[in-house]
Structure formats: structure tokens, C-alpha cells
Protein chains: 4
Amino acid sequence: MKIRKLLLIIIPVLLLSLQANAQRQVIQIPDIPGYITLKGDLHTHTVFSDGLVWPTFRVNEAWRDGLDVLALTDHLEYTPFSADVKVDAARPYEIAKTLASRHGLLLVQGVEITRGMPPGHLNAIFLEDPEKLRLDDVTEVMKEALRQGAYIFWNHPGWRGQQPDGITRVYDLHREWFGKGWVHGVEFGNGRTYYPEVIDIAREHNLAILANSDVHGTTADSYTPGAVSHRPLTLIFSKEKSMTALREAMFEQRMVAWIQNILAGSEQWLTPLLQASLEVEPPNTVVGENKWVTIRNESAFLIHLEKDDDEAAGPNSIRLEPLTTVVVQIPRDVNSIRYNVVNTFTIETSGPLLLDLEIPKTLID
Amino acid sequence: MKIRKLLLIIIPVLLLSLQANAQRQVIQIPDIPGYITLKGDLHTHTVFSDGLVWPTFRVNEAWRDGLDVLALTDHLEYTPFSADVKVDAARPYEIAKTLASRHGLLLVQGVEITRGMPPGHLNAIFLEDPEKLRLDDVTEVMKEALRQGAYIFWNHPGWRGQQPDGITRVYDLHREWFGKGWVHGVEFGNGRTYYPEVIDIAREHNLAILANSDVHGTTADSYTPGAVSHRPLTLIFSKEKSMTALREAMFEQRMVAWIQNILAGSEQWLTPLLQASLEVEPPNTVVGENKWVTIRNESAFLIHLEKDDDEAAGPNSIRLEPLTTVVVQIPRDVNSIRYNVVNTFTIETSGPLLLDLEIPKTLID
Amino acid sequence: MKIRKLLLIIIPVLLLSLQANAQRQVIQIPDIPGYITLKGDLHTHTVFSDGLVWPTFRVNEAWRDGLDVLALTDHLEYTPFSADVKVDAARPYEIAKTLASRHGLLLVQGVEITRGMPPGHLNAIFLEDPEKLRLDDVTEVMKEALRQGAYIFWNHPGWRGQQPDGITRVYDLHREWFGKGWVHGVEFGNGRTYYPEVIDIAREHNLAILANSDVHGTTADSYTPGAVSHRPLTLIFSKEKSMTALREAMFEQRMVAWIQNILAGSEQWLTPLLQASLEVEPPNTVVGENKWVTIRNESAFLIHLEKDDDEAAGPNSIRLEPLTTVVVQIPRDVNSIRYNVVNTFTIETSGPLLLDLEIPKTLID
Amino acid sequence: MKIRKLLLIIIPVLLLSLQANAQRQVIQIPDIPGYITLKGDLHTHTVFSDGLVWPTFRVNEAWRDGLDVLALTDHLEYTPFSADVKVDAARPYEIAKTLASRHGLLLVQGVEITRGMPPGHLNAIFLEDPEKLRLDDVTEVMKEALRQGAYIFWNHPGWRGQQPDGITRVYDLHREWFGKGWVHGVEFGNGRTYYPEVIDIAREHNLAILANSDVHGTTADSYTPGAVSHRPLTLIFSKEKSMTALREAMFEQRMVAWIQNILAGSEQWLTPLLQASLEVEPPNTVVGENKWVTIRNESAFLIHLEKDDDEAAGPNSIRLEPLTTVVVQIPRDVNSIRYNVVNTFTIETSGPLLLDLEIPKTLID
């Protein structure tokens, strides 16, 4: 009997101590009505420019990190490892594509056009033949990218390496290109930095905003899942998970940037995203003039709410960590509460999103 | 401009660094068709017997831990703090009930009948007046508990303090009470220990099995969320979240015990619970004779699958940590795979649950 | 052979999966020349006032948290659990003292004198008979405490519950008591809050500063070891680990407060504490005009250095997490670097500590 | 006043939220009398064979992981990335050496001789010109390596890829080479696997034992600091931190392997290493016939002690997590306790190390 019991215990303990499969973390980001939410990073590097990892590593890393979309965007003009590694902008995608398709990851072919300011650095993605962009005149590079149907966005526009005081300055060349519709987006966030002034620029020039890692080393060394320093993501609201739908969604600006626990984008997408992330339950109890209500954060976002109007119902401040709930006390007859989501920027106002939360009735009411 | 930018950055950083609300962890345990899954701990102590915390602490702790159901079950006959704390079995529930109702926690009134072996220790819960059980003769105590409509279960039946070699021995008194239907359940798991032999006993005597913490200190000191050493739970499949539905579910044995990442219970409940926890996606890609398929674990359970038949399709072993996915390679024409869930015990066989996973077709197929 | 190998593997795995003993975390805080550094929390509560845990729980908690000194300081005048728990200020210490002595914890008997403002709340510790302080007139309470040889400090002086705008206001009654030497210290830090303005008050009135938890629930629920939100501590530089030496050290103001990764106190103690925490190694390499030097943080403190003078040698900013090292590049002929420790406040200046770090020569030099 | 206070708070919060430097984790492994303990990993790969990272990444990774010694040992005969990456066994070391010297890391040049079984895979390290080993006949390769003064060890000897049942089989060719002294060591541990049978082989053939990562991806993805799945290390007891002293130490077999919380090696080195890791303090208290004694684990090792003799003093089992202490009760007049360190293997016995711990007297005694 003792042996049998021992074995019953040993077997699961042993099995549980083994690690059998590579595993992917699920990032809890909800879909919104009419669209699925693709989690993308559209700016990464490999040893084919100045990154420190092999292209297949980026695919496994993105898959483990819970991403749906990954672009490999090695520098076109900057290849410091060329004494040892072949210079060929098409190779990273070629090497990685089979692995990506097995893992269900949408792998996007791209390059980083790497010039002095202006125009600085821009990513061109959805390319067919990146080596054709290896041209001297940057205007010709842009034309060739657009000929291939590229989506083009301005990278880390306030980067101190090219902007003396770390603030984005828009040059005439940018204005010209924006006017022609050559540039479709701009990075609000890059790595561990975000540029608040990009919100104003995006509104003025009708650009979409993105947040990407620009990772050269590894995301495991740079970011902490669940913390402020999570991997930055561009969230894309797509009709389905396919390359065609992804392209369409990006050109139609259905995107929100998520970096350092800040969500930035148009109210059109922030509102349904936050509504889908928060669930208000019917009151737990109603006693006298008050009721106690549970608010659930079903997302991986940290959501920090501050009351818009001091006189209104509800606590001044509600902070919801990822996958947590809070209980708030509110007056019995209040059926809706209004809060600013402090950790958001809307393109429309450069300020926080204003969110109304409806309180369901109890079954008895 | 610099000041404005600084403020834009400072404000969210500052706000995010504050902790505004007590928060509850969401434990991702799915509902099953027809029932919601209540997460319960039906065995805990306070300073009113030999526990080290105040009754309201237990409520906040259970709420933060993500529970739906909590029973306070102080020892009826063992009150070592009686020099300083009033001896009254009704007080823990009275003190804690308002807080519980605000937080939407179903708080169950109970006591632990604390005798030498046999019968050892038993919990009587759903009591109306626990002080009426303060009687010398344990048979009278049982009768009074049953008169009040109590659900009664045998605690830590293999506890070394009362079973010399740590193996559950069933005494004649137990058999008599089992025969009369006086005892409704038995702890398969208690604290950090589980008793495999309890599965056989439950089958033979038609008892439900439970897993509870029996916490005296705090769960934060004893358990680690997401690890093997998670807080043990009794999962109860209830028609709704109410005291009436909870009672009905327990008396109808709609329960599964979860402890040390082991799930134990009837196939009737384990099968839908595991099916609801795992989602198989349509193939990511089909190449030649093979397809690559993603399996998602949408639950907080660790799920360890071992192939039932070496000749069958799929990898020998699939390990899914909580909220992760894996990709497996299987032959193109296979539409279902069969695995043992190694970290389960079914009451029907004392062995692992056998689970069939259907593989959806691609949209094109 | 296979069996033997299996057993060789199983045995350690099994043993390693068991948890055999309660364990104490070692907090890496260095001693300083001439003194050992005692880690203390001098403000905690139990169910004997409005705390939520039994006195022995506080002892185990403090021991696990790595403390050397613990004071139990229940409210003298506020006992909301008196319907169930005996009102007796001497009981917490009596109940806990045996356990503390076994664990080598210096357990200090105290109470929190709990009055409206002024004087607000003060802790009197090292008491002999706390019940003798149960007097109406607060001046009489102070006199009795001093008669018993108490060390008295002002608690959370900027607490919003008693200071309308959350800023410490010193009342005439405080000035009178400070002048008479009745009050020996003041809390710079309490719980998760610190009061910068207390530095000025401490300097003006010659008070020592402390940081304590004032814990009512549990430290596991309130604090995270190794994070900004670590348990606050009063560090006491004592000739030895004994009650006599502890008292002497406190009355001689040999203390530093540590809260939210801020260290506050006199330069006399901050300087040797930081010097003992940081070790500069001989250069790793010297090439051309530069050398590369490793700086080790051997403490549990986060240490953030900012250069005092932009023209001087060394990087502008050096951040050392607990138990980490960094490598810095400095000119070959520089033998000392000077930094502000940004996360300190000195009583002398209310500003950060200025610290000189000597760079050892290589063996060859 | 409010502004000043706000700024005092904002400044440290802001500064603390920035990450200024790459940081190295200190692994707390003690030196032993007469020697410093170097932490080494002597088996790693880069993109120059089938690894997934650039050589400088390995240096930064090793430095961050707290290592003192790193060997880059790309496969000599297996270079799957040769369509894109130059085939040159000298390049990884050349690329990484400057970075290593700045960080004070001893970087060792090596290759992995990669053949079928026998002889399987062997690492040759401390090479001067690795390309000279590119020869057909493996005997000639060995001779050339030895000519260059190489230290040679057998890699993952029980690897299923080359040993059908996962158990090390020693072939005649190995015996011949062992007899000639051509092979100096053997991996007891590789990656996440250890081979208990290697202990017997090492004893019989007078080989040193090592534990290395054989990392191809990244250690951050494969290992968890402080957990059972820590990065495996070869601990080398060296007269100083220099390449010369390191070589001498290795050829003199002053090594211990550390993998999966198992320490394996000669009693000659295990005994002082464990003695330096554990500190027994004078009794906390002596009451009646018993005393309570604190045992401190000052190392990063998990140390699991089981009593050798049931009748002897002390608890049956003592488990010490890294950097923790426990309190044990022992009879007053006992001055030494004897335990097996269960998670060790000694080369002398293939069993656990037997360790005597002296108990210091109290000052009064």
C-alpha cells in the first residue's frame, strides 16, 4: 500500500517537473466588436544588420511573447557585421518564414531606411523585394517602397541621436512626404520611450501611431511581462487573422499603441478596447443608500481611472492591475459612473479618454 | 515645451506609482455548460480557535485570492486562546458577514468537530446556530448538525496526527455514518498534502471529494499563485452564485478538488472542465503530410497530457502551463487526438482522465 | 541500472519538493565599523487593538522578513475588538516573548498613545508595565512612560487623518515636549508614505528619525521584498545584539530610516553605511586613456548615484539594484569619483548624501 | 510648501523609474580557504555554428548572469548557417574579447569537436589557433588540441542523440584516450540534464566533472535564477582571477559541478564549499534541556540536510533555500550535529556528502 501511494505521488511530481514544450504566453487583450485585436511588433533587428540574434530566434521570441504579427526590419544601409554575415535584406524573412507559418505568426517583410535627419529612420513593411530599395537617393527609395505597396512609418521621431533635445522636430521634408501621403504612421513609442508630442503631430498630419520594440538584443532582457516595462505593442483591429486583413487594417488606421502601460490612439478604437477590457458586475449588495459593485479588469492592461467630476458618484481614483477586480461603493440610485482613463492619450485631444461605465441592475431590481 | 512634456510624463508615472485600491486576483477557471464554477475553500480558522487572524482578514484574503465561497470553521472543542478571546462559535461569521456581502463572497458558517480518531475531525457547514453543537457525545453533535441541515465532510483523513503511517484508515464508526448518509464528503486535499487513497474510499462510499486550505496563518505565507503550491480549492459547479444554489450543488456532488496542480473528481465534471480549459485552433499551416496546430490552455490549471497509445498521432507529451499555448505537429488527416491528463484522478478509475481533443478544420478545407 | 538511475533522480527531486522548515529571508544590510546594523520595525499592531493578527504571528512574520528587532505597539486607548478580545496592553508581549527569544528576535514591549492632535499618536517603547499608562491626562501618560525609561517617538506626523493637507504641522505642545526632551524621535516613514518635511523638524529639534510599518494586516500583503515597496525599516547601529545595546543605540540616535528605497538620517551614519554597501574593484582592464571599473552593490539597498559635477570623471548616472554590479568607464588617471546618492536625505542638509568612491589600483600599478 | 514637497517626492520617483545601466546579478557563492571560487560556463554556442546569438551577446549574458569564466565553443564540424555566416572557428573569440576584458570576464577560446559516437562530442578549450583543428582524423584533432595545451572534456556523455537509452556508455576509444590522459574532464551536467552514472566514470578514470549550459538560444529563456532550473555552473577553485590560475585550477581538478540544485564533485572541495556556505550562530536561547540555534545559508545554493542517524540530535530534515536561515531545537549539551547533504554527489562514494556542523557556545558559556 505504501509503495502504491508513493508511486501515485512520485509519478505526477516527476512528470510535472519536466518541461516538455516551448510555450507561448497568452496576453489577455480583448477583441472589439467587429474586429479581432492583433498584437504586433513592427520593428525588430537581427544579425543581418546590428541585431544580436538569428531571424528564427525573433520568431520564437515573438511567439512566446504572445504576438500575432512580427516584422523583421533590418537596417538597409547599416550592416556592421558584414565582415562575417552576408549583406542581403531579403535573407531574414526567407530564413524565418517557415517557422512563422507553423506557429501561426504573421511574419511581415520589411527594412529600416536608415538616413541622417531629415528624414531620419523609417520602416517600410509589406515589401516584396527589399534589395530593390538599395538606392542612393532616399526619394527613390521611398518611391520604390511605395511601388511595392509598402506601409511606411517614421521611427523613434524624438530619438536623441537625431533630435538634439529629445523632442520630435518635423522637418520640411517630412511635411512634404506627409502631404503626398508617402508616410502612413509614426512611432509614438519605441523601446522603453514614448513621445507625447507625437500625438499632436499625428493629429495634424493624419498619421496612425504605433509602438514597437526596435529590439536588438532580446525582449526577455529588455522587458518584463505584466510590468510597466512590458514589451511595447501595436494593437491592430483586423477583420481576420490574415496578411490581407492586416494590411487593410493598418492602411485604415485601425490601431492603438501600448507602451509603458500607456494606451494611445483614436477614441474610435480606445473606447471599445477599454469597454471590452472592463466589466462591471451587478451589485454585490445594496444596503441603505449604498451599493457595492465589482469592476473587473479582464485585460493585460493596467487601467487607472480618475473621476472627471469631484461631485459625481464613485471613488476619486480606481486602479486596476491586469486581471484583477475591485469593489467600489456608490450611491444606490446611480446607474453610470464617468472616469478619465489617466494612462491613455487620445489623438483627438492629446488628453486622457473619458469613459462611461454602466452599472447593471441586480436580478431582483 | 520641455515643461509640458515633462508633466505629461510625470503625471502618469506618479499616478501609476500609487496603489489606490485593494485588488482581487482573477483565477482563470472556466465555467462548464449549464453551470458556473464557484471557487471555494471550506476549511479555515481564525483566532476564535487556533487560527492567527481575525475573521475579516479571512474574508479579504479569500477575496484577494479570487475565491467565491469561504467557510469559517473554527474548532468547536479546541480553543487555546480562550484566556484572551471569547469562546463563541457564532462570532467569526457574525463579525465577517457584512464585509463578505459587500465583496460578493458567499460566506458559509461552519465549525470543525474536533475529536480523537475515530471519528477524527469533521467540518459541519451551512449551520444556523453552531453553539448548539457544543455537546459531549459526538453522535449527538452529528445529529444536531444534520438537524440544522449541515453538509458534513471528513477532514484530512490521512493526517499523521491521527493515522500512524499517514494513510487513511476507515473505522467502523465511519462506515456506520457513511451508511446512514451522515457524511457527505471527504477531503482529498488539505493544505499542501493530498491523499490518493481517498479516491477509492470516495468511490466505495459514495462521498464527494474536496480540497481545502485548513489555513491557520495566511494563504500568502503558505501558497504561491500560479505555482504547484497554489491555494487548494474545491470547485463547485452551481446553477448560479447564491447560497441556495451552492448548497444544492454540494449535496448533488457537483465538485472537483484542485490541489498541488492535481485535479480530482468524477469524470462527469472533469471532462467538461478540461474541455472548457483547452481550445484547439484550426491548423496554422498544412505542408505535405503534416499540419501544425495550436492548443491553448485558457485556464489557471497546469495541464499535463501523455499519449494513451504510442502509435497514435501527436507528441508523446504535452505540457501546458496556465494561460499558455503550444504548437504540435500532427498528420494532415488526423481530426482528433487522445491523451491522458496525467495530473488528474477520476473517482471512477482512480487513474487519470482520458481526454479526446477535436481538431477544427481550416476555413479552406 | 535504469532503476538505480531513476532512484538517484527521484530521491533529490522528491526531497527538494518538500518544504521542511519555516525560513527567514536574509536582508543584505552591512554592518559598519564599530557597530552591527540591527534591522527593526518599532510600530506594529495585533488583535489586542485594531490589528488583524495574533501576537505570535507578528514574531514569525518579523523573523521571516529578516528583522532583528520588533516592537508590538497596540493602541492604548483604541480597542475596537474589546467585545471579543481582552483589553490588556501587557498581553501581546507576554504571549509572544518565548517565541521571540527562540528565534533570536529582540522583542520590545510598547504601546501607541492614541490621542487627537495635538499630540496625535506617539509610541512609547521599552516599557515595563504598559497598563500603568492607562490614564486620562496625556501629560501623565508621558510622565509614567518616562518613569519606566521609555523611548518615545511621534508617529506618522503628517498623517491626513490628523493633519488636514498631509503636511506635518508642529504644535506648541510638541515644541514644549521636544524642549523638555520627552520625545526622542519621529517617524520619517510610516507604512508606504514618507514625510520629507520631517527632516527639517528632526534637525531643528534634535530628534532621531525612524521608518516603521505600522502594520495592521500582514507585511506579505503590504510589501514586496526587493522592490520599492519593501517593508520599511529603522536601521539601528548597535554595539551588539542585545536589549541593552539596542536601547543605548536608540537613545544615542545611531539610526537610519529606510523606506520606499529612500535612506534618511545623519551623514554620520549614512556615509559608513553606503561605503560598506558599495565596493569598487580594481580596474578590469586599462586601454589607452581609459579604464573599466566594476562597482558592486553588496546590499539590499537600491543605490542611485548622480554626478555632482558634470565636468568630473564617470558616467552622469549610476543605478545599482540590490546585489548587482555595474561596469563604468573612467579616465585612466582618476583615482576617486564623487556622486550624490539621490535616494538619500541627510538630516544635516535635507539634501542627498555626497559620497566619494576610491578606485583601487591594479596589482601591476 | 506643497510644491516643494511634491518635487521632493517626484524627483526620487522619477529617477528611480529610469534604468541607467546594464547590471550584473551577484551570485552568492563563497570562496573557500586558500582559493577564490570562479563561476564558469565552459560550453556555449553562437551563430558561428548553430547558436542563435552573436558572440558579444554571450559575453553580456554571462556577465549579467554573474559568471567569471566563459568559453565560446562553437561546433568545428557543424556550421548550418554557412550560407550566410563565415566559417571561421577563431571569429567568435576575436569578436568578443574586447568586451570581455572590459567587463572583467575571463573569456576562453574553444571549439566543440563534433563527431559520431565514439567519441561523440568533446570540448577543447584554451586553444591558440582553433582553425588548425579542422582535420579529418579525430585522433589528429585531439593531438593538435593537446599540442596547443588544450583542456579537453567529454560533453553530455549520456545524450540520447548518441546513447540509445540515455545512459552513458564508455567505448573502447574513450578508455584508450582516458588511459593516455588525453581527456581531462566529463560533463556531469549539461543544460537541464545531469547524468548520475558519470560520477562512477569520473572516479574510475580520474576525470574532473563539470556542469555547463551548452546554450544555443539564451540563458534568460532557459534558466531561472534562484530556482531549481538555475544556469548550470562549473565552480573552479582558483588561486586568483586570471587565465593562468584558471588553467592551473582546472588541470588540478579543483572543481565542483552545480546543476538543478545538485552539487557534485570531490569531498575535498565539497566540504569546504558547504562549510563556507553555512554558518551556525550561537544559541538564541537556552531553556531547560534545550537550546534554539539559527543556521544561516549565506549562499545561492539550496541546501537540503537529512540526519544521518535517527537517534542523533537535531530535526530529521533541514531545508535551506538560498540566503535564508532556519531555527532548530537541539539538546542543550550537544555541540555538533551531523547531516547528509542530500542534494550532493561525492566522487568518492557516489552518495551524498556527510557534513558536521559545529555549534558555537553562547558568550556566557
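The structure is a predicted model, in which local features require pLDDT of at least 70, side-chain atom pairs count only at pLDDT 80 or more, and totals for chains, interfaces and linings use all residues. Residues are numbered from 1 along each chain as its sequence is written, and chains are lettered from A and ligands numbered from 1 in the order in which they are written.

Chain A is divided into domain 1 (24-265) and domain 2 (277-358), with bounds taken from an automatic or database domain assignment. The C-alpha centres of domain 1 of chain A and domain 2 of chain A are 33 Å apart. To the contact between them, domain 1 of chain A contributes 15 residues and domain 2 of chain A contributes 13 residues; two residues are in contact if their C-beta atoms, placed from the backbone, lie within 7 Å. On the side of domain 1 of chain A that touches domain 2 of chain A, helix H6 (197-205) and strand S12 (262-265) of chain A each provide at least two residues. Helices (H or I, at least four residues) and strands (E, at least two) are DSSP runs, numbered from the N terminus. That side of domain 1 of chain A comprises nine nonpolar, four polar and two charged residues. In this classification, Ala, Val, Leu, Ile, Met, Phe, Trp, Tyr, Cys and Pro count as nonpolar, Asp, Glu, Lys and Arg as charged, and the others, Gly among them, as polar.

Helix packing was examined in chains A, B and C. In chain A, the axes of helix H2 (residues 55-64) and helix H3 (residues 91-103) come within 8 Å and cross at roughly 30°. Axes are lines fitted to C-alpha atoms, for helices over the stretch in contact, and angles run from 0 to 180 degrees between N-to-C directions. H2(A) is therefore roughly parallel to H3(A), given that angles under 35 degrees count as roughly parallel, over 145 as roughly antiparallel, 65 to 115 as roughly perpendicular and the rest as oblique. The crossing of H2(A) and H3(A) is right-handed; a crossing is left-handed if the near helix is turned anticlockwise from the far one by less than a right angle, and right-handed if clockwise. Residues of H2(A) in this contact include Trp63(A), and those of H3(A) include His103(A). By class, the contact of H2(A) with H3(A) has eight nonpolar, two polar and one charged residues.

In chain B, helix H2 (residues 55-64) and helix H3 (residues 91-102) have axes that come within 8 Å and cross at roughly 40°, which means that H2(B) is oblique to H3(B). Their crossing is right-handed. Pro55(B), Thr56(B), Arg58(B) and Val59(B) of H2(B) meet Pro92(B), Ile95(B), Ala96(B), Leu99(B) and Ala100(B) of H3(B).

In chain C, Leu355(C) belongs to strand S21 (residues 353-358). Leu355(C) is buried because 20 other C-beta atoms lie within 10 Å; a residue is buried if 20 or more other C-beta atoms lie within 10 Å of its own, exposed if 12 or fewer, and partly exposed in between, with C-beta atoms placed from the backbone. Beyond residues up to four places away in sequence, Leu355(C) touches Leu274(C), Tyr339(C) and Val341(C).

In chain D, Glu321(D) occupies the loop between strand S17 (317-320) and strand S18 (324-331). Glu321(D) is buried, with 20 other C-beta atoms within 10 Å. Apart from neighbours within four places in sequence, Glu321(D) is in contact with Gln23(C) and Leu302(D).
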